[in-house]
Amino acid sequence: MSLITHLAIAPVVIPALAAPLALLVMRRRRALGIGISLVSAAAMLLAALALLWAASDGTIRTYELGDWPAPFGIVLVVDRLSAIMITLAASLSVIAMLHAVLTRADRKGWHFHPLFQFQMMGLNGAFLTGDLFNLFVFFEVLLIASYGLMLHGQGPARLKAGVQYVIVNIVGSSLFLIALGLLYALTGTLNMADMGLRVAEIGPDDQGLLRVAALLLVTVFALKAALVPLHLWLPRTYAVSTPAVAALFAIMTKVGVYSIIRVVPQVFGDGAGAAAWAPAPYLLPAAIVTAIIGFGGVFVARSLSEQAAYAVIGSTGTLLIAVAGWQQDTLSAALYYLVHSTLAGAALFLVADIVARRRAGFADNASPGPDFAQRQFVALLFLAAAIAATGLPPLSGFIGKLLILESVADVPFWGWSWAAILFSTLIGVIGFARTGSLIFWKETAPSKAGPLEGALPATVSRADMVAPIIAIVLLAALSLGAGGATDYTAEAAAQLLDSAATAHAVLGDR
Amino acid sequence: MAIPLTLYTLVLLPFVAALLIAAIGGNARVLHSGIAAAGSAMGLALIVSAAGRVIGGEEFAVAIAWVPAIGLEFSLMIDPLGLMFAGLILGIGLLVVIFGHFYLAEGEATARFFASLMLFQGAMLGIVLAGNVLLLLIFWELTSLSSFLLIGFWRHKAEARQGARMALAVTGGGGLVLIAGMVLLGIVAGSFDLMTILASADVVQASPLYPVILILILIGCFTKSAQFPFHFWLPHAMAAPTPVSAYLHSATMVKAGVFLLARLWPVLSGTDLYTVIVTSVGLVTMTFGAFVALFRHDLKSILAYSTISQLGLLVMLLGFSIKMAAVAAVLHILNHAAFKAALFMTAGIVDHESGTRDIRRLGGLAKMMPITAIIATTAAAAMAGLPPLGGFISKEMMLYETLEISLFGLPWLVPVVATIAATLSVGYSLRLAWHLFFGSPREPEPYARAHDPGVGMWASPAVLVLLAVLLGLFPMLLAGTLVASVAGAVIGEPLPTLDLSLWHGVNWALGMSMMAVAGGVLLLWRHKDLLLATASLLRPDAKAMFQSLMAGADTLVRKFIVTTHTPSLQRMVFATFSVVVVVVIEGAITGGGILTGPREGLPASPVAIVAWLLLIIATAAVVNDERHRFRVLVYISVIGLIIALAFVQFSAPDLALTQISVEVVTILLLLLALNLLPKAPPLLSSSPRKWRDGAVACLGGLLVGGAAWAMLTREPNDPISSYHLANSYSGGGGTNVVNVTLVDFRAFDTLGEIIVLGIAGLAIFALLDTTSRGSAGARLRTWQQDVPHSPESHPIMFVMSTRILLPLVLSAGIYMFLRGHNQPGGGFIAALVVAIAFLLQYLASGFDWTDARRRIGEHTMIAFGVLVAMVTGLGALIFDANFLATAFDYFTLPLIGEFELATAVLFDVGVFCVVFGAVMLALAQLSHIAQRAARAHQAQLDEEKAEGSR
Amino acid sequence: MTLEFLVASAIGVLVAGGIYMALRGRTFQVVLGLTLFSYAVNLFLFASGRLTVNRPPIWSKTVTEYADPLPQALVLTAIVITFGMTAFAVVLALRSFLETGSDQVDGDIVSSDDQQPDGNGAG
């Protein structure tokens, strides 16, 4: 066995080693700790890219932990989908971490770097595992880490929002366990591929129970994905989090989306009797409402961070409109837009931060303030981020939305989907135009003090623009390289719909 | 240069120029405008170089694949239509840049201005040269964005910001509608390649989606080309600097809609629906715009409405679906571009040199600024359609074609209305020229100031006006072939014959236009009275309407969002549980099947029933006694205990042990927390809410209980755990299958699990470490200890007993740990036991004593534990096994005898460390705070006592 | 009356109590609610292995029938994780009470509306 076979475990092992090491050295040698953290992020990115490349040949690689054969042990599954998610997470982590370090946000409290690493471990584990209970465990890892990160920097607003975020997610986790119990009781297995096979053999007497389990499980994922009406926890939480953290959180809702598109075809596919595609009828309407409410929030939000938070909701809605099609082309569109919207959301949070850092008293509120450092350039960054978030050309959002529009055109109720996507885009554009023109165009006399507390703008270095620039460059690259990207997502979608192939890859000829 | 290269260069040049300008930045106005001019000039040269062959009928297309998945490719094509527009864009662009250089003052943000201008130029070229409709859409939206930036150029002006936002909302929104239309069109036509689409008229017009497609696309065109009722953004776009108005809002961008109509003429036009909609919209816009223009006073506003009117004329002509009408349209596009841009520039000059744009304050300027006067008057004459200017010819053709069309079955309707519109446009053209340059000055101040600008500023309009004149004098020579080939490109087939000339003999058209001229003169003569007459006419202020609409939407949506998204945990949790209840019911009903399964149950012993009753009573007590928090804790621990007993009963000793030890720690934790929390606060919930919650709760309980029942009464479906049972000893080296599962079969879960605990510890530490600061610290200092404590802080018996107990408990913990692999126990339970022992030390002896005897910090414990677990897991890799693979063997030592060494045990050490570290970190930190608070409180009391005694 | 019924009904009662408490207005009550709920959930997960008496999954050559060990392992993991989560929630509740002086779970009604809004209309 060469090292390449162990590559699958690297995205979990790297942060899991980096975190305790950083923890050990952090208290005495901060610089070293940061170094470890950064190196780990870079290493994760390399491993992810390697996996992305490895998965591009279409083979599904599995990694049996402890050498226990699936389905009896826990198995990691590296296919195109998980490779995409891992790579996305790694890229995002580099951006967020850079921003945290450059803006010294990581110094505003204890254990930022260990928590960050553990968060990455949780994310990567969730994206890689092929075992449903193990997915739960990694959900918990990334959640508890996210609690710590979300409260990083503290202050009343964060603590208040934190209580709600934590408790809502604890409820979600409990529901996850109930669904798991039902599924184990019915199928006697925890391995997703195996479960998919066994679900097909469940008798008529148990169909009701099976469907309940399926719907419950998807509900839990929908809660993570912040699908209306399970989205209420998100706006406050994201808006008050440390921007670098909020940027990383842009992928948290996508974990929910990922779980839906991973589990439903694999376990509740055509063969699943009453549970076959169980969430399908409800996903589309919910997604449509989510998209509109999300961008409605963008339309009226009073600060950039609030706007970014609602944009995350809206983009998840748009994304799930595509997912709800459950066809290869719609899922492919969804995956492309997933990558795009994650980066776009991150960019928004980061730009909101660099605005806030330059307007001390006015923060990122959509209210005119005195002139501030590098306004021209910051305005440009905001323009780019807004263009990306709303899905205007030339950034990847436009291509993403075209993909979705075209792919859902043969799905029932496509008219509603189109109307929702285009209308939400319009109100999003108007909303961003409003806040942007207020912050970057309208100007008040420098003498006027800000509505919020806080003295003169802290002397800010241009360094804090690096991270958002990277994000925007990535978005541009995603737009230019859309051809290759969509090829990859198309194959990924085909792969994840072919549950039989996955099952064979995981279980062999059983 | 080879054509393909030309195409790419054409489109890329402006963007490169924009980048360059932006990169240079600063105040180098000459540099900025220089680069912009050079870019435009080079582009123009390229166009000219290609012109011959293109007009000659060759068509050139190039394509680079971009996103095959959606049929988007970077494909450009140039045909006469594209050529003409590209020529206009670049030619007028060049003149505008020159004009703008002199128009903008030094020190203005010329970099931003010219960069945006070039950005727009590139986008516009993209539209007219795109060979793929999706690519066209991209450039289309880019023009909206760049026009947004340009209108808002003077960002300190409120009307600039509002105008910009309005333009973006209308044109951008229209663009989105257009996207829908175009994508549908592409889907119906089966391709997004322009040529293919143009060739598939029959398919498209046969499709049931045709009306939808048509209307969507038309909305896109009408918004962009400011057609009624979407016209209102254009006058407010005049807040932009005059060069921008001249370029975007008269010559090019607003023509994008007209261009698209012309471009798609072959595939969309010809149907009654098309003719009716497009013609009537154009007709209405033409008349309405001309009418309003007649009574405006701001020069740019007059020009804006005249532009609207002229665009209406073009749209109407294309709506006719008649070949010759298309020819007229093409010719008029040329004319209008020439004279309207010239007029805008002269308006800018007047504004620039006299300080006002209000026509009521100006007059007689011919004396002061003769050159400007000549240029402007000639241009106005062209706009009025007076011979011998180009405007005359195209208007004649227009009027002539109106006779061919009958709208709503009324053959006279179009000609009559068109004549009226023509009359009005003669009126406002004459008024513009006359009131501005002739008669007597109305106000001294601007009159005195006014003077001709430098040649730099009047050169551009002069060139344009010259063009307008020559177009009139030598139409065939100058534009004949071009117009013919362009018109051919529009209608998609070669034109029969074309004769452009001033004199077509006496015909209806001539009569109509003579009427128009006469009427126009009349209008000018009686203008004052007309003003008074129409003053009473209510003029709806589009801007106010738009803004009140926006504001209304804003308040409404905001109210909705705010009220629905109040950060209320109760609402979040309620929403979650309601959704759960609904989906569970839906699943059960839709899924069908049976509730109670075949598996026969185990008889319940009286003890079990008693325990069950106890549990239910305790739960009820928790719910009903929610206010007395300490008591509630007791109930909770009772419940925990019963559950532990249940685990014993149902042959899960490990679980029982874990449950008990976790229970103890949890209760300790809750006690410590409650110590600092309000003990018996008033209840919040109103009783209706309680009923609502109660209902959801009961439903939830019923459903989950039912699910449990259904589960328990079914036979297991050969679970994978049989494998675990079979391989636990042989493969895992342990007889306690649960423990082997935890540290071996599913060690990966356990790794995650201990990391969760570790993170919890760290996060809790991070949370509490700051407690003594800020408002929290203040609150702590005023905290009241309301639980009576024994007078001495550490009762001696308690202290001694715990200190004696400690070693015992420790050894018990070690024992628990070692037997774990084969008997109930293991690292986790051991850690908890030891932790509890230490916590007792804290409670009994206080921190000072304990801390002094506790060497290793918890952080280190956690880190070390995770590392040990990880390294154990990674060790397997050395032996070519997978992560977390284990090994074990049996050894014999004297005295001890045979014993087993398993790497799993090493892993368990990691578990022990993390769990111990985390639990200690959490609870120790918490009790630290409690004690600090207590001390602070004590000190306070002593102080008060001292006060009292004195 | 069977043990199955006792367990199922107990789970139901705990869930009901848990949900009700989780919907109360103060953090401490909510945490208690979650504790009840998690008891129920652990029992539920355990029950997915069905009920067996006197057959602990301690392997020995003589025994052939065991209780299903897997749910037990899962529940063990679940208990630990739940403990971590509960601990964190408790401390957070306490911390937020100390910071804000209120242990009510509902944030202020006007969210981020404090600074004067500048609507879509003007500006």
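**View 1. Helix H8 of chain A and the residue that follows.** Just after H8(A), Ala226(A) takes a positive phi of about 60°. The model is predicted: local features need pLDDT of at least 70, side-chain atom pairs count only at pLDDT 80 or more, and totals for chains, interfaces and linings use all residues. Residues are numbered from 1 along each chain as its sequence is written, chains are lettered from A and ligands numbered from 1 in the order in which they are written, and side-chain values use heavy atoms, with hydrogens and water left out. H8(A) covers residues 207–225. Helices (H or I, at least four residues) and strands (E, at least two) are DSSP runs, numbered from the N terminus. At 1.5 Å a residue, the 19 residues of H8(A) should span 27 Å, and its end C-alpha atoms are 27 Å apart, which agrees. The expected span is 1.5 Å times one less than the number of residues. H8(A) is mostly covered, with 19 of its 19 residues buried (under 20% relative accessible area; exposed is over 50%, partly exposed in between; 1.4 Å probe, protein chains only).

**View 2. Helices H13 and H17 of chain A.** The axes of H13(A) (residues 304–323) and H17(A) (residues 414–441) come within 11 Å and cross at roughly 165°. Axes are lines fitted to C-alpha atoms, for helices over the stretch in contact, with angles from 0 to 180 degrees between N-to-C directions. The two helices are therefore roughly antiparallel to each other (angles over 145 degrees; under 35 is roughly parallel, 65 to 115 roughly perpendicular, the rest oblique). Their crossing is left-handed: the near helix is turned anticlockwise from the far one by less than a right angle. From H13(A), Leu304(A), Gln307(A), Ala311(A), Thr318(A) and Ile321(A) take part in the contact. They meet residues of H17(A) including Ser417(A), Ile421(A), Phe432(A) and Ile439(A). Contact means heavy atoms within 4.5 Å. The residues of this contact divide into seven nonpolar, five polar and no charged (nonpolar: Ala, Val, Leu, Ile, Met, Phe, Trp, Tyr, Cys and Pro; charged: Asp, Glu, Lys and Arg; polar: the others, Gly among them).

**View 3. Ala471 of chain A.** Ala471(A) sits in helix H18 (residues 466–480) of chain A. Ala471(A) is buried, with a relative accessible area of 0%. Not counting residues up to four places away in sequence, Ala471(A) touches Ile95(A), Leu343(A) and Ala347(A). Ser91(A) lies 380 residues from Ala471(A) in sequence, but 8.9 Å away in space, C-alpha to C-alpha.

**View 4. Chain C.** Chain C has three helices and zero strands. Along the sequence, the pattern is α-α-α. Of the 123 residues in chain C, 76% are buried.
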